[in-house]
Amino acid sequence: MIIVYTGDGKGKTTAALGLVLRAVGHGKSIRMIQFIKGSWHYGEMSSSSRLSPEFEMIAVGKGFVGIMDDTSTPQQHTDTARQALSLALKNISDSTFDIIILDEINYAIHLGLVSEDDLLSVLDSRHPDVDVVLTGNYATDKVIQVADLVTEMRSIKHPFQKGIRAKEGIDF
């Protein structure tokens, strides 16, 4: 299957990690490739190793693009996103892993770091035994069309609206 978690609400990566917990419980092998995250420390960087060897997380990205302490150039972000997509192609086209999660890929497309056509080409190369999860805001209509399951997270209320900063263990 191709599964998409998208929308402006929180919980897209968290939903994918919930799927990881379920899959590990069934002895599945999973690789998560992170397209945007990478320069900050966040909880899943530490906890993911506890699910090894069934689960492996690779943070390829240079961090959040164009916000706060981003010191990478647009070209560096593009180069790392293309490296991540190349790794995704390799992993999706063989059956080494049962599940491949492309974390923040939809956002990477929205930012122009990788193209929608390149992602669709990678998905076309998918080995029939591999399930793929795509996360991030702004899933395109074409990505939604090729997906088997699409869940949209919708923001109704967020603590940031009250000036409450991200909380360790909840937000990162």
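**Figure 1. A polar contact of 2.5 Å links the side chains of Asp103 and Thr13.** A polar contact is here a pair of N or O atoms within 3.5 Å; within protein, one must be able to donate a hydrogen and the other to accept it, and residues adjacent in sequence count only if both atoms are side-chain atoms. Asp103 lies in strand β4, and at 0% relative accessibility Asp103 counts as buried, where buried means under 20% relative accessible area, exposed over 50% and partly exposed in between (1.4 Å probe, protein chains only). The model is predicted, so local features need pLDDT of at least 70 and side-chain atom pairs count only at pLDDT 80 or more, whereas totals for chains, interfaces and linings use all residues. Residues are numbered from 1 along each chain as its sequence is written, and side-chain values use heavy atoms, with hydrogens and water left out.

**Figure 2. Helix α1 spans residues 12-25.** Helices (H or I, at least four residues) and strands (E, at least two) are DSSP runs, numbered from the N terminus. The 14 residues of α1 reach 20 Å from the first C-alpha to the last, close to the 20 Å expected at 1.5 Å a residue, the expected span being 1.5 Å times one less than the number of residues. Lys12, Thr13, Ala16, Leu17, Leu19, Val20, Ala23 and Val24 are the buried residues of α1. Seen down the axis, these buried residues fall within an arc of 155 degrees, so they line one face of α1; the arc is that of the directions from the helix axis to the C-beta atoms. Thr14, Leu21, Arg22 and Gly25 are exposed on the other side of α1, and the helix is followed by Gly27, which has a positive phi near 75 degrees.

Figure 3. With neighbours within four places in sequence left aside, Leu17 is in contact (heavy atoms within 4.5 Å) with Met32, Glu44 and Phe55. Leu17 and Arg31 are 14 residues apart along the chain, and their C-alpha atoms are separated by 11 Å. For α1 as a whole, the buried residues pack against β1, β2 (30-34), α2 (43-47), β3 (55-59), β4 and β5.

**Figure 4. The buried and exposed sides of helix α5, residues 116-124.** Glu116, Leu119, Leu120, Val122 and Leu123 are buried in α5. They cover an arc of only 155 degrees around the axis, which puts them on the same side of α5. The face turned away from this buried side carries the exposed residues Asp117 and Asp124. Packing against the buried residues of α5 are β1 (2-6), α3 (74-93), β4 (99-103), α4 (105-110), β5 (131-135) and α6 (141-146).

**Figure 5. The largest nonpolar core has 29 residues.** A nonpolar core is a set of buried Ala, Val, Leu, Ile, Met, Phe, Trp, Tyr and Cys residues joined through side-chain atoms within 4.5 Å. Ile33, Phe35, Leu102, Ile105, Leu119 and Leu134 have the most contacts inside the largest core. At least two residues of this core come from each of β1, α3, β4, α4, α5 and β5, with the largest share, five residues, supplied by α3. A second, separate core of 17 residues includes Ile3, Val20, Ile30 and Phe55.
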